[in-house]
Amino acid sequence: MEYIVPFFWMAIVTGWIVYVVFIKKNRNLRAAQSGEDMDNVRRAVEQLTGGMGDFRLAYAHWIEQESYGRTVKTTYFRFAVTFADQGMQIFPLRIDKKTHQVEAHSPLKLTAANLGKVTVQTKEKEGVLRRVETWLLDKQGKSIIKLYVDAENLRKSRWFPVNILQQEECDAFGRFITGLSRQVAEENPDVEAMLTEKAKEVYGVLGFGLSLGGALGGICFPPMGVFLCLIGLALSVIGKCKGAKSNKHLIISVICMVWSVVFCWIYFTYFFI
């Protein structure tokens, strides 16, 4: 009798795994092969554009995570992407999680003329392209949008609401975005240099933040202030060693460090007599 309960739970877990891995996936694959969800996306786009013209269409998504202390906020974005030699249009999509009705909104139009940098990463499986990840930035190096274009999209949960197989579209988008990234890089060499310089300044910015926090927070507990200022100063020095041109972060970090040490000395010398 003592084996009945473990056996019962084992049977439930095994059945659930079989359902998710085999039955549900096969059902979603059959639904994707029917092309119903892709047709819904295409119709939603055509309602705004009046037709596809010479553009190709791909379904895309992006997952963004933001941390707020111990809380992590996850936001799911879904897009339809039309693309051709002259550029691309990105349509935000609203997909009803119950009815799967698709609604497209006004597109973001992007060409080499308004792009400063295009980063492309691809994932393959057994020599076949499975994902194209692209990050589009403007000529000031600011992020515009990020996209995943997957060859296979299946309904895993309510956050992944479509069954779409688009191997040809994924391959075509990979070729298009790779070519666009080369063109943008050739036309905007200064943007890459700008981003490199910003990356060098990151250590200084972090050091400045920690130093300022240590100088202010040290008023309540001087030893902690000195510790934070020490870390901030170290980061600012690292930034300069990596080639940061600005000196303001290092100067402010030094001032905060001196202030924290002096205040800590005064605190223990005169307040504990």
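Residues are numbered from 1 along each chain as its sequence is written, and side-chain values use heavy atoms, with hydrogens and water left out. Local features need pLDDT of at least 70 and side-chain atom pairs count only at pLDDT 80 or more, while totals for chains, interfaces and linings use all residues.

Leu136 also turns up among the residues with the most contacts inside the largest nonpolar core, alongside Val81, Met88, Ile90, Phe173 and Ile177. That core has 27 residues. A nonpolar core here is a set of buried Ala, Val, Leu, Ile, Met, Phe, Trp, Tyr and Cys residues joined through side-chain atoms within 4.5 Å; buried means under 20% relative accessible area, exposed over 50%, and partly exposed in between (1.4 Å probe, protein chains only). At least two residues of the core come from each of strand E1 (56-68), strand E2 (71-84), E3, E7, E8 and helix H3 (167-187). Helices (H or I, at least four residues) and strands (E, at least two) are DSSP runs, numbered from the N terminus. The most is given by H3, with 7 residues. Another core, of 15 residues, lies apart from this one and includes Leu57, Tyr59, Ile95 and Val162.

Strand E7 (residues 128-137) has a partner in strand E6 (residues 117-125), running antiparallel to it and joined to it by 9 bridges. E7 also pairs with strand E8 (residues 143-150), again in the antiparallel sense, over 7 bridges; two strands count as paired if DSSP finds at least two bridges between them. Arg131 in E7 stands opposite Lys123, and in E8 the bridge partner of Arg131 is Asp150. A polar atom of the Thr134 side chain lies 3.3 Å from the backbone oxygen of Thr119. Beyond four places in sequence, Thr134 is in contact with Val118, Thr119, Val120, Ile145, Lys146, Leu147, Phe173 and Ile177.

With 2 residues between its strands, the hairpin of E6 and E7 holds Glu126, whose phi is positive, near 55°. Glu126 is a residue other than glycine, and it counts as exposed because its relative accessibility is 77%. The hairpin of E7 and E8 has 5 residues between the strands, and there Gly141 takes a positive phi near 80°. His100 is not a glycine either, yet has a positive phi of about 65°; it is found in the loop between strand E3 (87-95) and strand E4 (102-104).

Leu165 belongs to strand E10 (residues 164-165) and, at 36% relative accessibility, counts as partly exposed. Leu165 and Ala32 are 133 residues apart in sequence but 5.7 Å apart in space, C-alpha to C-alpha. Setting aside residues up to four places away in sequence, Leu165 touches Leu29, Ala32, Gln33, Ala151 and Glu152.

As for confidence, the chain averages a pLDDT of 84, and 89% of the residues score at least 70; pLDDT is the predictor's confidence in each residue, from 0 to 100. Over residues 18-22 pLDDT stays under 50, and the model has 6 contacts for them beyond four places in sequence. Where pLDDT is low, the predicted coordinates should not be read in detail.

Methods: Contact = heavy atoms within 4.5 Å. Polar contact = N/O pair within 3.5 Å; in protein donor to acceptor, adjacent residues only side chain to side chain.
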